[in-house]
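These are my notebook entries on what I looked up in one structure, written down in the order in which I checked things.

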Amino acid sequence: MSVFGSMVSAIFGSKHAATVAPTAGGSAAAPASSATTASTGTTPSNSASAGSPSAAPISRADVEAILKKLHDEQQREDFDWRKSIVDLMKLLKLDSGLAARKQLAQELGYTGALDGSADMNVWLHKQVMTKLAESGGKVPDSLKA
């Protein structure tokens with residue numbers, strides 16, 4: 001599974017990872033199913049209709065609320081997931097090492113040096129949030145900027 005797919009899976013559940021995996025061109029594939037909203041009480045794991053061959057889309061699920069809940073539930077470390085790609089990946093219990101971030105950068109179409117620089121990391125965080133929004137997640141502008 002791609003690094004971005006692993007992030008999507010960690011946030012929304014494994015059924016969504018395949019529908020939003022980035023393409024080689026750096027854009028996320030559009031999910032193919034009818035939308036549900038987080039306000040209806042449905043969750044990504046129970047929103048797919050029975051017998052449906054594809055997973056339900058993220059569908060305006062509140063990304064910030066999900067990440068905040070994950071952050072509040074863990075007691076060990078105070079992650080700055082709103083600004084740091086490393087902390088976001090750690091919060092999601094994913095490898096945040098340079099090799100994983102290089103792979104994520106390649107998946108999302110980063111064209112700069114794959115050296116773990118601040119520029120690369122800031123770009124990655126913005127792109128992840130943008131791709132989550134493009135895939136149907138509700139992401140506040142403050143997390144995409």
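This is a predicted model: local features need pLDDT of at least 70, side-chain atom pairs count only at pLDDT 80 or more; totals for chains, interfaces and linings use all residues.

Residues are numbered from 1 along each chain as its sequence is written, and side-chain values use heavy atoms, with hydrogens and water left out.

I looked up the elements and found seven helices and zero strands, where helices (H or I, at least four residues) and strands (E, at least two) are DSSP runs, numbered from the N terminus. Of the 145 residues in the chain, buried ones make up 41%. Among the contacts with a separation of 6 or more, 48% come from residues 24 or more positions apart. The chain exposes about 7400 Å², of which carbon and sulfur atoms supply 51%; such areas come from the Shrake-Rupley method with a 1.4 Å probe, and for residues only the protein chains shown count as cover.

Helix α6 covers residues 118–134, which is 17 residues, and from its first C-alpha to its last it reaches 24 Å, close to the 24 Å expected at 1.5 Å a residue. The expected span is 1.5 Å times one less than the number of residues. I listed the buried residues of α6, which include M120, L124, V128 and L132, and also N121, H125 and K131. Just after α6, I noticed that G136 takes a positive phi of about 115°.

L108 lies in helix α5, residues 98–108, and counts as buried because its relative accessibility is 3%. I then compared L108 with W123, and the two are 15 residues apart in sequence and 9.9 Å apart in space, C-alpha to C-alpha.

Which side chains meet R82 in a salt bridge? I first wrote down the rule, a side-chain nitrogen of Lys or Arg within 4 Å of a carboxyl oxygen of Asp or Glu, and by this rule the count comes to five. The partner of R82 is E64, at 3.4 Å from N to O. This pair links distant parts of the chain, with R82 in the loop between α3 and α4 and E64 in helix α3, 18 residues apart. R82 counts as partly exposed at 36% relative accessibility, and E64 likewise counts as partly exposed, at 23%.

E73 forms a salt bridge with K69, the closest N and O atoms being 3.7 Å apart. These two are separated by about one helical turn because they are four residues apart in helix α3, and both E73 and K69 are exposed.

In helix α7, K144 and D141 are three residues apart, so about one helical turn separates them, and their closest N and O atoms are 3.3 Å apart in a salt bridge. K144 is partly exposed, with a relative accessible area of 27%, whereas D141 counts as exposed at 59%.

Notes
Buried means under 20% relative accessible area, exposed over 50%, partly exposed in between (1.4 Å probe, protein chains only). Contact means heavy atoms within 4.5 Å.
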